[in-house]
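Dear colleague,

I am handing over the structure below, together with a written account of what was found in it. Please read the two side by side.

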Amino acid sequence: MSTTVLRPPANRADRRAVAWWSTQQALWVVPTLAVLVVLAVLIEPARVWLLIPAGVVALVGGAIMLVLPRYRYRNHLWELGPAAVHARRGWVWVESRIAPLSRVQTVDLTRGPIEQRFGLASVVVTTASSRGPVRISGLDVEVDEGLAARLTELTEATEEDAV
């Protein structure tokens with residue numbers, strides 16, 4: 001009986017993913033803060049009480065925008081091996097997803113509007129798993145396309161069929 005040792009994936013997202021993830025967070029922090037400040041200015045009796053949540057949103061939202069994307073970058077790893085694709089993410093709850101190439105059904109490239117702005121893309125590897133697809137995001141477009149092409153080649157070369 002052979003023992004397979006699973007080592008941590010070695011590849012990281014592109015460094016530009018930090019700015020992309022920060023921008024995604026800013027899309028909810030900035031409007032929320034703006035609404036609270038406008039309400040504090042317009043509603044005279046509630047001014048002080050609305051400034052407190054505005055301060056909380058500014059502090060917590062600022063931390064989320066500036067700190068969490070850097071942690072996400074450090075903990076967002078992936079690797080394509082000869083028999084499987086492996087993605088790991090998370091800093092409190094760490095999730096490792098390993099999809100054997102023999103189980104891969106589709107390989108999709110996705111690029112949302114903010115990702116496109118930063119020159120990034122994602123690979124989504126779909127299997128028959130009830131846990132859903134393996135997603136590798138924050139990749140340079142060329143790396144993304146190369147990974148998708150290589151995954152497709154390896155999947156086609158696998159003798160077993162996805163079930």
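Strands here are DSSP runs of E with at least two residues, helices are DSSP runs of H or I with at least four residues, and both are numbered from the N terminus; two strands count as paired if DSSP finds at least two bridges between them.

A word on conventions belongs here: residues are numbered from 1 along each chain as its sequence is written, and side-chain values use heavy atoms, with hydrogens and water left out. Because this is a predicted model, local features need pLDDT of at least 70 and side-chain atom pairs count only at pLDDT 80 or more, while totals for chains, interfaces and linings use all residues.

Going through the pairs, strand 1 and strand 2 are joined in the antiparallel sense over two bridges, and in this pairing Asn-11 stands opposite Trp-78 of strand 2. Strand 2 and strand 3 run antiparallel with four bridges, and they form a hairpin that has three residues between the strands. Here Trp-78 has Ala-87 in strand 3 as its bridge partner, and Ala-87 in turn has Arg-97 in strand 4 as a bridge partner. Strand 3 and strand 4 pair over six bridges, again antiparallel.

In a regular strand the side chains alternate between the two faces of the sheet. In strand 2, Leu-77 and Glu-79 point one way whereas Trp-78 and Leu-80 point the other way, and all are buried, where buried means under 20% relative accessible area, exposed means over 50% and partly exposed lies in between, with a 1.4 Å probe and protein chains only. His-86, which lies in strand 3, counts as buried because its relative accessibility is 7%. His-86 and Pro-100 are 14 residues apart in sequence, and their C-alpha atoms are 8.7 Å apart in space.

Strand 6 and strand 7 run antiparallel and are joined by five bridges, and Val-123 stands opposite Ile-136 of strand 7.

Val-124 is found in strand 6 and, at 9% relative accessibility, counts as buried. Leaving aside residues up to four places away in sequence, Val-124 touches Thr-106, Val-107, Asp-108, Thr-110, Pro-133, Val-134 and Arg-135, contact meaning heavy atoms within 4.5 Å.

**Helix 5 and the cores**

The largest nonpolar core has 15 residues, and those with the most contacts inside it are Leu-80, Val-85, Val-125, Ile-136, Leu-147 and Leu-151. The elements that give two or more residues to this core are strand 2 (77–80), strand 3 (84–89), strand 6 (120–127), strand 7 (134–140) and helix 5 (141–157). Apart from this core lies another, of seven residues, among them Ala-17, Trp-20, Trp-21 and Leu-120. Such a core is a set of buried Ala, Val, Leu, Ile, Met, Phe, Trp, Tyr and Cys residues joined through side-chain atoms within 4.5 Å.

**Helix 2**

Helix 2 (residues 47–66) has 20 residues and reaches 28 Å from its first C-alpha to its last, close to the 28 Å expected at 1.5 Å a residue, the expected span being 1.5 Å times one less than the number of residues. Which of its residues are buried? Leu-50, Ala-54, Val-57, Gly-61, Gly-62, Ile-64 and Met-65 are, and the buried residues of helix 2 pack against helix 1 (17–42) and helix 3 (68–75). On the other side of helix 2, Val-48, Trp-49 and Leu-59 are exposed.

With best regards
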